[in-house]
Amino acid sequence: MRIRSARRSDLPLLQDIERAAGEPFRALGMAFVADDDPPPLDLLETYRLAGRCWVASDPLSATDDRPLGYVLADPVDDALHIEQVSVDPAAARRGIGRGLIAHLAGLAVPRGMAALTLTTFTEVPWNAPYYARIGFRILTESELTDGLRAIRAEEAQHGLDRWPRVCMRRELTSAVQPSGAPGSTKVPRVPEASASQDASEAVAVSGSP
C-alpha cells in the first residue's frame with residue numbers, strides 16, 4: 001500500500017469511494033447517512049491544494065495506483081482532526097483505514113500536535129468501536145475543546161445527531177512515524193488553522209480496515 005498526496009484526477013474517484021463507503025450504513029437503518037452526498041469537488045480541491053488530502057493506493061495493482069481510500073484532515077486546537085476517512089468496501093480488511101490514520105499521526109508529531117481527534121457514531125461497529133481498538137478514547141463533554149464543540153454543532157445542524165455520536169482522541173508521542181511506503185511523495189505541509197472546514201461530513205470507514 002502506498003499513501004500519497006491526492007492528485008486532481010483522483011477527486012472524482014474519492015467521491016465514488018465515499019458513496020460506496022456509505023452503503024453499509026443502509027443495513028443499519030441509517031439511510032440518511034448512506035444517501036448523504038460526498039464532499040463536493042471544490043471542497044476536495046481546497047483540501048488538496050492545502051496539502052491536507054491523502055489517498056491510499058496499490059501502485060502494483062491492475063488498477064494503476066487508483067485510490068482505495070482517502071483521508072482529509074484539519075488542524076483543530078492542539079490536534080490534527082480527521083475530517084473524513086473512507087475506504088472502498090471492495091478493499092476492506094486490508095489495513096487501509098489504519099494506515100491512513102497512522103500516516104496522519106506521523107505528520108502531526110513533528111509539527112507539535114498533541115493528538116488526533118475525530119467525531120464518529122457510537123454504535124456503528126466500524127466507527128467508535130473500531131477507533132477504540134486502534135487507540136482512540138471517547139472524550140467527555142468537559143474535555144471537548146472549542147474547536148470540537150464547533151464541529152459537533154455543525155454536525156447537529158446537518159442532522160447527524162439522530163444517532164448517538166461522540167468525539168474521540170488519540171494522544172501522540174514522538175515515537176510515531178509516517179506509514180508511507182518507500183517511493184511515496186514528500187510529506188506535505190499541514191497549514192495552521194483554527195477551525196475545521198465543512199465539519200458536517202461524517203467520518204465513515206467502511207468494513208474493518
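The legends below accompany close-up views of a predicted model.

**Figure 1. Overall composition of the protein chain, with six helices and seven strands.** From the N terminus on, the order of the elements is β-α-α-α-β-β-β-α-β-α-β-α-β. The chain holds 209 residues, of which 52% are buried. Among contacts with a separation of 6 or more, 78% are made by residues 24 or more positions apart.

**Figure 2. Crossing of helices H1 and H3.** Helix H1 covers residues 11-22 and helix H3 covers residues 41-49. Their axes come within 10 Å, with a crossing angle of roughly 115°, and the crossing is right-handed. On the H1 side, the contact is made by Leu 11, Pro 12, Leu 14 and Gln 15; H3 contributes Leu 41, Leu 44, Glu 45 and Arg 48. Sorted by class, these residues comprise five nonpolar, one polar and two charged.

Figure 3. Tyr 70 is classed as buried because its relative accessibility is 0%, under the 20% limit. Beyond its neighbours within four places in sequence, Tyr 70 touches a set of residues that includes Leu 14, Ile 17 and Glu 18, as well as Pro 39 and Leu 44. Further contacts of Tyr 70 are made with Trp 54, Val 55, Gln 84, Val 85, Ser 86 and Leu 100. Two of these partners, Leu 14 and Leu 44, also take part in the contact of H1 with H3. The side chain of Tyr 70 forms a polar contact of 2.6 Å with the side chain of Glu 18. Tyr 70 and Asp 10 stand 60 residues apart along the chain, and their C-alpha atoms are separated by 9.9 Å.

**Figure 4. Asp 10 in the loop between strand S1 and helix H1.** Strand S1 comprises residues 2-5. With a relative accessibility of 3%, Asp 10 counts as buried. A polar atom of the Asp 10 side chain lies 2.8 Å from the backbone nitrogen of Arg 7. When neighbours within four places in sequence are set aside, the contacts of Asp 10 are Arg 4, Ser 5, Val 55 and Pro 67. Val 55 is likewise a contact of Tyr 70. Between the C-alpha atoms of Asp 10 and Leu 44 the separation is 9.7 Å, although 34 residues part the two along the chain.

Figure 5. A polar contact of 3.3 Å links the side chains of Thr 119 and Arg 165.

**Figure 6. Cys 53 and Cys 167, two buried cysteines.** Cys 53 has a relative accessible area of 3% and is therefore classed as buried. For Cys 167 the relative accessible area is 3%, so this residue is also buried. A search of the whole structure for disulfides returns zero.

Methods
Residues numbered from 1 in each chain as written. Predicted model: local features only at pLDDT ≥ 70, side-chain atom pairs only at ≥ 80, totals over all residues. Heavy atoms only, no water. Axes fitted to C-alpha atoms, helices over the stretch in contact; angles between N-to-C directions. Helix = DSSP H or I, 4+ residues; strand = E, 2+ residues; numbered from the N terminus. Left-handed = near helix turned anticlockwise from the far one by under 90°. Contact = heavy atoms within 4.5 Å. Nonpolar A, V, L, I, M, F, W, Y, C, P; charged D, E, K, R; others polar. Buried < 20%, exposed > 50% of the residue type's maximum accessible area, 1.4 Å probe, protein only. Polar contact = N/O pair within 3.5 Å; in protein donor to acceptor, adjacent residues only side chain to side chain. Disulfide = S-S within 2.5 Å.
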